[in-house]
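User: Could you walk me through this model? I'd like to start with the sheet and then move on to the rings.

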Amino acid sequence: MPQPAVVLELYSGLGGHRVAARLLNEKLSAADQHPIISSDSVFHGLDVNEQANRVYNFNFADHPASASDIAMLTAARLDVMRPDIVLMSPPCQPYTRNGLRMQSKDARAESFIVFLEQLPLMTAPMPSHILLENVLGFEASDTFARACAVLESLEYTIQSYIVNPIELGMVPNSRPRFYMLAKKGAAFALPQNNNRHDNSALALKALPLLMWSSQSPVSPPLLSHFIDECADTDDSLNVPHRALWKAGDQMDIVRAHTHARSCCFTKGYGAHARGAGSVLSMARDDEIIRAAAAAGYVPVDSTDDDAASARCRVAQVDWDTRIADPRVLRAMSWMFARYFERRAEAKPVPQALATSNENNAKKRHVSAKKRLKEDMERGSWPDTLEECPLAALRLRYFSPREVARLLGFPEWYSFPKDMTNSQCWKLLGNSVNVIVVALMLEYLLK
């Protein structure tokens, strides 16, 4: 009888790769197939983040993760663990579009480079399968080029895919990611994809036995299938007054019963407005119209509903006449116009900027202490304002449970009750879509 597989999770985080392996195991076992990663497999999770390890161990007490700096990983330790499969999501900051893109020169890339350096030094058999997930941009980095050179020198066969779960109809959440698959001593089921690094998941449609196949839905389900109604009454999820005034126009606003999409959730969710994830409008159509009327809006018939929709889209509200009543779009267009006008009146101009603009005067030097004080004063300006017109939309953040569902985490996965929303969002933003990982893992092990 073969020995249970040993799985090494580098940068294990919340254990998303392990969750994916469990989903795959359940799927294959139900089909009377024998998965390589089974319930008897031994998992070694390594991560330096204590909060992530705490959640990992809360869900996987049988093989807990250990607090380890992967930059200190040695071939001797790899020999002791003897992993058959390595799953990893190295730090993405050296490659993300919001960073400096220093690639291998970034200190946060060091730990992955250490792994590449130690792998050839193993005396025990090397891992037969490697799966790496990272952000778009990693595939164009010198780090990835180095990984390919090392793995190919060790006689690994490499395939890479760029996969977005929303394009496959899996979940209504956009999370495009790069996946590198490496095999040693075995061929891929689709060898024509070898050494290509721009494959999409559509290239796997020739394998209908995969978890995702040509029989899967083309369009993702509505967000309502992922929403907790009890979260609508959780005041801790409401977008606060200050955030509405300061960044309401930068928020991607969606509705549960009309939208089948949401933006990628990042570790900055709840702290940053643009590009960190969508927010949910709980307001009904009649509530929006009544709130606008109470603020002075006079409903008018119009044939220029596309213009109203366009004005809303400028404010990141991607609603149109297909999914919203034209009367609502007109009311929202009026509310956003009022919002922009009132904010322009109230938002103070930095003193240094105002001084430099007077008669094209030379910009004065402002000390760091003075600049910090001015920033603090300007940051509090919404506190003196009346209720924001956008409050009528009744905006709230997605709860950690809802975000986890959109990332494919099953219902049994949970967080310790004393963890805050912000802590959970940060960890989820650094995690993976477990359904896509399960798909890529199934193909890798096939």
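The chat below takes up the sheet, then the aromatic pairs and the charges over rings.

Analyst: Gladly, and please keep in mind throughout that this is a predicted model.

User: What's the strand order in the open sheet?

Analyst: The open sheet is built from eight strands with mixed pairing, and their order is β3-β2-β1-β4-β5-β7-β6-β8. Its edge strands are β3 (66-67) and β8 (199-200), each of which pairs on one side only.

User: And how do β1 and β4 run, parallel or antiparallel?

Analyst: Strands β1 (residues 6-10) and β4 (residues 85-88) run parallel and are joined by four bridges; within this pairing, L8 stands opposite V86 in β4.

User: Which strands does helix α5 touch?

Analyst: Helix α5 (residues 142-153) packs on the sheet and touches β5 (129-135), β6 (156-163) and β7 (177-184), with its direction at about 150° to that of β6.

User: Switching to rings, how many aromatic pairs are there?

Analyst: Searching the whole structure gives 22 aromatic pairs. One involves Y56 and F60, whose ring centres are 5.3 Å apart and whose planes make an angle of 55°, so this pair counts as tilted.

User: Are those two buried or exposed?

Analyst: Both Y56 and F60 are buried, and they belong to one aromatic cluster together with F409, W412, Y413 and F415.

User: Which ring faces do K183 and K184 lie over?

Analyst: K183 lies over the face of F188, at 5.1 Å from the ring centre, while K184 lies over the face of Y156, at 5.2 Å from the ring centre.

Conventions. Residues are numbered from 1 along each chain as its sequence is written. This is a predicted model: local features need pLDDT of at least 70, side-chain atom pairs count only at pLDDT 80 or more; totals for chains, interfaces and linings use all residues. Side-chain values use heavy atoms; hydrogens and water are left out. Two strands pair if DSSP finds at least two bridges between them. Helices (H or I, at least four residues) and strands (E, at least two) are DSSP runs, numbered from the N terminus. Contact means heavy atoms within 4.5 Å. Axes are lines fitted to C-alpha atoms, for helices over the stretch in contact, and angles run from 0 to 180 degrees between N-to-C directions. Rings of Phe, Tyr and Trp (its six-membered ring) pair if their centres lie within 6.5 Å; planes under 30 degrees apart count as stacked, over 60 as edge-to-face and the rest as tilted. Buried means under 20% relative accessible area, exposed over 50%, partly exposed in between (1.4 Å probe, protein chains only). A charge sits over a ring if NZ of Lys or CZ of Arg is within 6 Å of the ring centre and within 35 degrees of the ring normal.
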